[in-house]
Amino acid sequence: MSHENIVHFVGAGPGDVELITVKGARLLGEADVVVYAGSLVDRELVLTYAPDARVYDSAGMDLEQTTKVLAEAVLAGELVVRLHTGDPSIYGAIQEQMEELDKLGISYEVVPGVTSAFAAAATLKQELTLPEVSQTVVITRLAGRTPVPEREQLGNIAQIGATLVIYLSISMIEKVVEELLSGAYQEDTPVAVVAKASWADEQVLTGTLADIAAKVRDAGIGKQALIVVGDVLRARSEGMKAKSLLYDKGFSHGCREGIVT
């Protein structure tokens, strides 16, 4: 199957124009038509990698309109990229688009991208999984205009006590704090808020569940921000409880025999 006969759903990464995959950048460079999420993806990224393409901003388009543009371009034999922020699989709303393409018999592929959770961790220089602290990362959100299943209410998720990365909820930060405190977290549980991770104007706030809401309000952060919660964040200031065995000199794994002393 040639590239011209399919729609390429491409993750643009979190914002920094260099944090797109090599494959994503190549497809943009070859694209005749790009439909991108203009409210979230930096226009500069599109101009950098797809200077010659016909570009449509999906911010002002509905599903029917974007499907029409994608389908007509594919049927005309053009190379088509549907560009999404971050990684398309995380709150990307690609499933409904693929369903429409299925109805039309149009094929597609998905090219992953760096989601903002990992850009935020990079900004914080923070590992999200630490031995004897947390080996689980939960990506979730507070219920807003998009409902959340009852069993996945934030207060229920908070019972686990894992590292949480909360998307799309910064405007409801007080409610986030309230729900987390009803779970396994304490008022002194560390929190980091990263707004526009990897962008030139990114902002980082650190605090605890006791004071983070006030800090967010004072900073005027109301959108495009992630909330990272959990005891892994203590390691930056308090040191690690335990080291990973991966590089321990006595630990053997598939690629290396342990050094016996």
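User: In β7, which residues point one way and which point the other way?
Analyst: Welcome: this is a predicted model, where local features need pLDDT of at least 70, side-chain atom pairs count only at pLDDT 80 or more, and totals for chains, interfaces and linings use all residues. Residues are numbered from 1 along each chain as its sequence is written, and side-chain values use heavy atoms, with hydrogens and water left out. Strand β7 covers residues 163–167 (helices, H or I with at least four residues, and strands, E with at least two, are DSSP runs numbered from the N terminus). One way point T163, V165 and Y167, and the other way L164 and I166.

User: How many residues of β7 are buried?
Analyst: Buried means under 20% relative accessible area, exposed over 50%, and partly exposed in between, using a 1.4 Å probe and protein chains only. The residues pointing either way from β7 are all buried. The count for β7 is therefore 5 of its 5.

User: Which strand pairs with β7 in the antiparallel sense?
Analyst: Two strands pair if DSSP finds at least two bridges between them. β6 is joined to β7 by 5 bridges, and these two run parallel, with T140 partnering I166. On the antiparallel side there are 3 bridges, and L164 has V229 as its bridge partner. That antiparallel partner is β10.

User: Which are the edge strands of the sheet with mixed pairing?
Analyst: This open sheet has 5 strands in the order β6-β7-β10-β8-β9. An edge strand here pairs on one side only, and that holds for β6 and β9.

User: What angle does the direction of helix α8 make with that of β9?
Analyst: β9 pairs with β8 in the antiparallel sense over 6 bridges, and the partner of V193 in β9 is L205. Helix α8, residues 212–219, packs on the sheet and touches β8 and β9 (contact means heavy atoms within 4.5 Å). Axes are lines fitted to C-alpha atoms, for helices over the stretch in contact, and angles run from 0 to 180 degrees between N-to-C directions. The angle to β9 is about 155 degrees.

User: There is another sheet, with parallel pairing; how much are its neighbouring strands turned against each other on average?
Analyst: This open sheet of 5 strands has the order β3-β2-β4-β1-β5. Its edge strands are β3 and β5.

User: Which residue of β4 stands opposite G11?
Analyst: Strands β1 (residues 6–11) and β4 (residues 80–84) run parallel and are joined by 5 bridges. Opposite G11 stands H84.

User: At about what angle does helix α1 run to β5?
Analyst: α1 takes in residues 22–30 and lies across β1, β2, β4 and β5. Its angle to β5 is about 135 degrees.

User: Which elements do the buried residues of α3 pack against?
Analyst: With 13 residues, α3 reaches 18 Å from its first C-alpha to its last, close to the expected 18 Å (1.5 Å times one less than the number of residues). Its buried residues are T66, T67, V69, L70, A71, A73 and V74. They pack against β1, β2, β3, β4 and α4.

User: Which residue caps the N-terminal end of α3?
Analyst: A polar contact is a pair of N or O atoms within 3.5 Å; within protein, one must be able to donate a hydrogen and the other to accept it, and residues adjacent in sequence count only if both atoms are side-chain atoms. Here a side-chain oxygen lies 3.2 Å from the backbone nitrogen of E64. The capping residue is D62.

User: Why does M61 count as partly exposed?
Analyst: M61 sits in the loop between β3 and α3. Beyond its neighbours within four places in sequence, M61 is in contact with Y56, T66 and V69. M61 is partly exposed because its relative accessible area is 22%.

User: Why does Q126 count as buried?
Analyst: Q126 lies in the loop between α5 (116–124) and β6. A polar atom of the Q126 side chain is 3.0 Å from the backbone oxygen of V232. Q126 counts as buried because its relative accessibility is 9%.

User: For the chain as a whole, what percentage of residues count as buried?
Analyst: The chain has 9 helices and 10 strands. Among its contacts with a separation of 6 or more, 68% are between residues 24 or more positions apart. Of its 261 residues, the buried share is 44%.
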